[in-house]
Amino acid sequence: MSMSIQGVAFFLAVACMSCAAAQSTCLEVGVNPFHDTPSLAAFSKHIDVLGCFDVLAEPGISDAQVLHVAAVAAELMDQDEDGRVDDPGLEAALREGGALMPVLERSGSRTERQLFRGYRGEGMAAVLYADEVDPTRPGRWGADATVEEVLHTLHVVGFVPRFPQQLGLAPGVSSLSKAMDVARGGRFLKVPRAYPEGAWYHYDDKTCDYGCMAIEYLYWASVTEMGLLDDAETAAGIAYEWAWHSPEGLRQGDALVHAIITDRGLGLPLRAPDGEYCPSVKIQEKRKHP
């Protein structure tokens with residue numbers, strides 16, 4: 001059967017779009033290498049990200065979602081996208097700590113129960129669920145929590161142990177915890193009944209202890225500096241917990257945490273991921289357009 005000129009054009013356009021999508025993330029989904037570990041045995045999909053960060057997913061998680069999580073992790077560790085973790089110290093810490101991001105089909109699943117009961121490592125600081133991973137809106141508040149949960153893992157496993165004076169999570173031990181006390185209007189070991197007037201960080205999850213609140217504070221500061229919160233809808237949606245939504249607002253409103261996250265000696269990731277990671281293509285493009 002013959003095809004019209006319009007049909008040929010449409011077919012080629014779709015083919016080109018598919019090719020571009022396939023090239024946007026040069027990572028591959030493989031099988032679970034931890035099938036002999038009881039707490040991880042129920043996962044079926046796996047991506048080894050830059051040799052120091054494992055993404056594991058249940059069968060019901062689409063390959064597109066697994067690739068998205070892995071791409072975001074790669075972008076945060078390799079901000080210049082040259083195919084290597086930017087900081088060898090971070091790479092070593094993540095590898096030694098066994099950095100791990102589980103992606104679960106739903107809360108309360110059998111796989112989740114098995115994971116939470118049996119996992120004894122120190123590399124899992126967060127998990128993701130299927131309805132929190134949206135490859136079409138990377139890092140978008142309320143749609144894609146991938147940037148948040150990957151950042152939590154990188155911070156807890158890779159950065160905090162290496163920089164205790166700057167990023168320690170206990171009360172009064174670090175620049176971060178002291179800055180958080182200012183941001184919350186006082187040193188609260190638990191969520192207070194009400195935050196003082198003038199506080200700009202109002203975390204209200206009572207299951208989160210002081211160290212957990214510090215990690216959330218570091219996350220909010222980081223994604224604000226990345227520009228991921230800088231629109232009116234997001235600003236309104238997060239106001240109950242966090243006051244700043246633009247990099248300029250953060251610099252002016254919370255100079256203490258801004259100084260911490262922009263300290264080049266720490267090397268915290270501050271470039272927003274776009275969910276596309278393919279170093280070989282990036283390098284070729286740079287060579288074409290120096």
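Q: How many aromatic pairs does the structure hold?
A: This is a predicted model, in which local features need pLDDT of at least 70 and side-chain atom pairs count only at pLDDT 80 or more, while totals for chains, interfaces and linings use all residues. Residues are numbered from 1 along each chain as its sequence is written, and side-chain values use heavy atoms, with hydrogens and water left out. Rings of Phe, Tyr and Trp (its six-membered ring) pair if their centres lie within 6.5 Å. Aromatic pairs in the structure number eight.

Q: Are the rings of Trp220 and Trp242 stacked or edge-to-face?
A: A pair of aromatic rings is described by the distance of the centres and the angle of the planes. Planes under 30 degrees apart count as stacked, over 60 as edge-to-face and the rest as tilted. With ring centres 6.3 Å apart and planes at 15°, Trp220 and Trp242 are therefore stacked.

Q: How many residues apart are Trp220 and Trp242?
A: Helices (H or I, at least four residues) and strands (E, at least two) are DSSP runs, numbered from the N terminus. Trp220 sits in helix H8, whereas Trp242 is in the loop between helix H9 (232-238) and helix H10 (247-253). The pair links distant parts of the chain, and its separation is 22 residues.

Q: Are Trp220 and Trp242 buried or exposed?
A: Buried means under 20% relative accessible area, exposed over 50%, and partly exposed in between (1.4 Å probe, protein chains only). Trp220 has 4% relative accessibility, so it counts as buried. Trp242 has a relative accessible area of 0%, which means that this residue, too, is buried.

Q: At roughly what angle do the axes of H7 and H8 cross?
A: Axes are lines fitted to C-alpha atoms, for helices over the stretch in contact, and angles run from 0 to 180 degrees between N-to-C directions. The axes of helix H7 (residues 175-183) and helix H8 (residues 210-226) come within 10 Å and cross at roughly 85°. Angles under 35 degrees count as roughly parallel, over 145 as roughly antiparallel, 65 to 115 as roughly perpendicular and the rest as oblique. H7 is therefore roughly perpendicular to H8, the crossing angle being roughly 85°.

Q: How many residues of the contact of H7 with H8 are nonpolar?
A: Contact means heavy atoms within 4.5 Å, and Leu176, Ser177, Ala179, Met180, Asp181 and Ala183 in H7 meet Tyr210, Met213, Ala214, Tyr217 and Leu218 in H8. Ala, Val, Leu, Ile, Met, Phe, Trp, Tyr, Cys and Pro count as nonpolar, Asp, Glu, Lys and Arg as charged, and the others, Gly among them, as polar. One residue of this contact is polar and one is charged, and the number of nonpolar residues is nine.

Q: Which helices do the buried residues of H7 pack against?
A: In H7, Leu176, Ser177, Ala179, Met180, Asp181 and Ala183 are buried. Their packing partners are helix H6 (164-167), H8 and helix H11 (255-261).

Q: Which residues does Ser174 contact, leaving aside neighbours within four places in sequence?
A: Ser174 lies in the loop between H6 and H7, and its 2% relative accessibility makes it buried. Its C-alpha is 6.6 Å from that of Pro164, 10 residues away in sequence. With those neighbours left aside, its contacts are Pro164, Gln165, Gln166, Leu167 and Gly168.

Q: Which residues of the largest nonpolar core touch the most other members?
A: A nonpolar core is a set of buried Ala, Val, Leu, Ile, Met, Phe, Trp, Tyr and Cys residues joined through side-chain atoms within 4.5 Å. The largest one has 69 residues, and H8 gives the most to this core, with 11 residues. The members that touch the most others are Phe53 and Leu167.

Q: What is the phi of Glu81?
A: Most residues other than glycine have a negative phi, and most peptide bonds are trans. Glu81 lies in the loop between helix H2 (63-77) and H3 and is buried, with a relative accessible area of 2%. Although not a glycine, Glu81 has a positive phi of about 50°.

Q: Where does Leu50 lie?
A: Leu50 is a residue other than glycine with a positive phi, near 55°. Its place is the loop between strand E2 (45-49) and strand E3 (53-57).
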